[in-house]
Amino acid sequence: QVQLVESGGGLVQAGGSLRSSCAASGGTFSTYNIGWFRQAPGKEREFVAAISWSRGSTYYTDSVKGRFTISRDNAKKTVYLQMNSLKPEDTAVYYCAAGPYTRYSSGSDYYKGSSYTYWGQGTQVTVSS
């Protein structure tokens, strides 16, 4: 059982930066792939970024490539999402999620919410224009 707690959301002006954190407890954190998803009001949840458990391979949705960076510190059981050049359309509740590496057979699995077993409660990111 893995518990995830997000933090670091907030209100920022367009063009600004935020760094969100996802702290884990329980389970063997280093064997889990970690993803960030977001959900804006009235919209479906969408994939943002993910990082693999072993080599730290990273995956991003096209709209955040070059602006967001995902990283992990297994010793601290924490994953970070550095968000730069934020845009109003980035406004959403951001969730981190963990999935055991055994459930992933291809890179496409990282983009699917169904690949993740544990979810955090979310952190609000609001970008004003």
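Arginine 72 lies over the face of phenylalanine 29, at 4.8 Å from the ring centre. A charge counts as over a ring if NZ of Lys or CZ of Arg is within 6 Å of the ring centre and within 35 degrees of the ring normal. Arginine 45 is likewise placed over the face of phenylalanine 37, at 5.6 Å from the ring centre.

The model is predicted: local features need pLDDT of at least 70 and side-chain atom pairs pLDDT 80 or more, while totals for chains, interfaces and linings use all residues. Residues are numbered from 1 along each chain as its sequence is written, and side-chain values use heavy atoms, without hydrogens and water.

Rings of Phe, Tyr and Trp (its six-membered ring) pair if their centres lie within 6.5 Å; planes under 30 degrees apart are stacked, over 60 edge-to-face, and the rest tilted. The count comes to 11 aromatic pairs, including these two:

| Pair | Centre to centre | Between planes | Type |
|---|---|---|---|
| Phenylalanine 37 and tyrosine 116 | 5.3 Å | 80° | edge-to-face |
| Phenylalanine 47 and tyrosine 111 | 4.5 Å | 50° | tilted |

Phenylalanine 37 and tyrosine 116 are both buried (under 20% relative accessible area; exposed is over 50%, partly exposed in between, with a 1.4 Å probe and protein chains only). Phenylalanine 47 is buried at 7% relative accessibility, whereas tyrosine 111 is partly exposed at 37%.

The whole structure holds 1 disulfide, a pair of cysteine sulfur atoms within 2.5 Å. Cysteine 22 and cysteine 96 form this disulfide, with their sulfur atoms 2.0 Å apart. The torsion about their S-S bond is about 65°, so the disulfide is right-handed. Both cysteine 22 and cysteine 96 are buried.
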